[in-house]
Amino acid sequence: MPRKLLLPYKSVFSHFRAPRGLHDSLAMNAARSGYRGFSAHSPGGRPELRLGAELGKSVVYQETNGETRVEIKESVRGQDIFIIQTIPRDVNTAVMELLIMAYALKTSCARNIIGVIPYFPYSKQSKMRKRGSIVCKLLASMLAKAGLTHIITMDLHQKEIQGFFSFPVDNLRASPFLLQYIQEEIPDYRNAVIVAKSPDAAKRAQSYAERLRLGLAVIHGEAQCTEQDMDDGRHSPPMVKNATVHPGLELPLMMAKEKPPITVVGDVGGRIAIIVDDIIDDVESFVAAAEILKERGAYKIFVMATHGLLSADAPRLIEESSIDEVVVTNTVPHEVQKLQCPKIKTVDISLILSEAIRRIHNGESMAYLFRNITVDD
């Protein structure tokens, strides 16, 4: 069934208003040089952003046995195709929709297939842990094999993830929008201090602090569930009886880690504390950080992150916590969570995604979108 050119998921783009002339220019580009946008979502998440051209005619649905089926209903031969895919609660279904649609467009002879994926799934699984796997690299290989030639995304969990891909990746930043929110929506923000809830987030927090000319605080000693040294058998003695060690080989034994007591490095007494991070999913660590900051004298606490996954009981925990406000962008749908918790606020970043699409289609430089952006942002 034909659908209008709407970027998927109302939550991501419903507040966007394109600059004057953008609609017309995109419409003319679509007519002149073969530009098409497709939504890889099955019915249910209706897109809302109009880009001045018709959305490609396609059908995406689930078979009764759970399989995903994608049918392209028009010719895309020789055209630039943008697949717009936000990631809802059902991550694996969204990934399969994206892969199957990309492959369908590839076999239909599309010239370029660009994936617009504001939040890149599995980005937390980008490091080898014990006997695990680097799932993010696997997904990058699958997207390339399916036919994608370019990706537009935002605030990858680790910037090194770009090296997993064999094609260009534009990793846009949400920090300019979040910094603007701090300046315009937080009264007396000059009395604030930027907080990293763990040493791993210190670089991002330092970048915010330097741009806002504010102080910096780091919470050290907080339990990190992602870094737990679980007993997986690697330190067990060999199972072979009478096993021998090479004569003269004595390897130094690595000392076990011992987390220090929780400490706040920096002064937060009588200040507004702004915790910054890239993803807020399970909120227990943020709630614990807020309690510590309250004990140290912070009188108001904000949490700011690019991707608001807000899984499980996150809205309830936030509502019951010392956190005054959680500010996230609309890279991930979270309307239900906002209804459950009025402390959750949304910053719209659809403008930069739309401009990135326009520039890539027209062959223009992307440098304008990365002005004053450093590796720590």
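1. Helix α7. Helix α7 covers residues 284-295, 12 residues in total. At 1.5 Å a residue it should span 16 Å, and its end C-alpha atoms lie 17 Å apart, which agrees. The expected span is 1.5 Å times one less than the number of residues. Helices here are DSSP runs of H or I with at least four residues, strands are runs of E with at least two, and both are numbered from the N terminus. This is a predicted model: local features need pLDDT of at least 70, side-chain atom pairs count only at pLDDT 80 or more, and totals for chains, interfaces and linings use all residues. Residues are numbered from 1 along each chain as its sequence is written, and side-chain values use heavy atoms, with hydrogens and water left out.

2. Which residues of α7 are buried? They are Phe286, Val287, Ala289, Ala290, Ile292 and Leu293. Buried means under 20% relative accessible area, exposed means over 50%, and partly exposed lies in between (1.4 Å probe, protein chains only). The cover over these residues includes strands β10 (192-196), β11 (215-220), β12 (263-265), β13 (272-280) and β14 (300-308), together with helix α8 (314-320). Lysine 197 lies over the face of phenylalanine 286, at 4.8 Å from the ring centre. The rule for a charge over a ring is NZ of Lys or CZ of Arg within 6 Å of the ring centre and within 35 degrees of the ring normal. Just after α7, glycine 297 has a positive phi of about 105°.

3. Helix α3. α3 has 17 residues. From first C-alpha to last it reaches 25 Å, close to the 24 Å expected at 1.5 Å a residue. Its buried residues are Ala94, Val95, Glu97, Leu98, Leu99, Met101, Ala102, Ala104 and Leu105. An α-helix has 3.6 residues a turn, so residues three or four places apart point the same way. The buried residues of α3 pack against β2 (35-39), β4 (58-62), β5 (68-72), β6, β7 and α4. Cysteine 109 follows α3 and has a positive phi, near 70°.

4. The rule asks for a side-chain nitrogen of Lys or Arg within 4 Å of a carboxyl oxygen of Asp or Glu. Aspartate 80 and arginine 111 form one, at 2.9 Å from N to O. Aspartate 80 is in strand β6 (residues 80-84) and arginine 111 in the loop between α3 (91-107) and β7 (112-117), so the pair ties together parts 31 residues apart in sequence. Aspartate 80 is buried at 6% relative accessibility, whereas arginine 111 is partly exposed at 47%.

5. Salt-bridge network. Glu355, Arg358, Arg359 and Glu364 are linked in a network of salt bridges. Within it, glutamate 355 meets arginine 359 with the closest N and O atoms 2.8 Å apart. These two are four residues apart in helix α10 (residues 350-362), about one helical turn. Glutamate 364 also bridges to arginine 359, at 3.8 Å between the closest N and O atoms. Glutamate 355 is buried at 16% relative accessible area, and arginine 359 is buried at 12%. Glutamate 364 is partly exposed at 32%.

6. Aromatic pairs. There are two aromatic pairs. Rings of Phe, Tyr and Trp (its six-membered ring) pair if their centres lie within 6.5 Å; planes under 30 degrees apart are stacked, over 60 edge-to-face, and the rest tilted. Phenylalanine 120 and phenylalanine 165 have ring centres 5.5 Å apart and planes at 75°, so the pair is edge-to-face. It links distant parts of the chain, 45 residues apart: phenylalanine 120 is in the loop between β7 and α4 (135-146), phenylalanine 165 in the loop between β8 (150-154) and β9 (169-172). Ring pairs link Phe120, Phe165 and Phe167 into a cluster.

7. Another charge over a ring. The charged end of arginine 371 sits over the ring of tyrosine 368, 3.9 Å from its centre.

8. Whole chain. The protein chain has 10 helices and 16 strands. Of its 377 residues, 49% count as buried. Among contacts (heavy atoms within 4.5 Å) between residues at least 6 apart in sequence, 69% join residues at least 24 apart.
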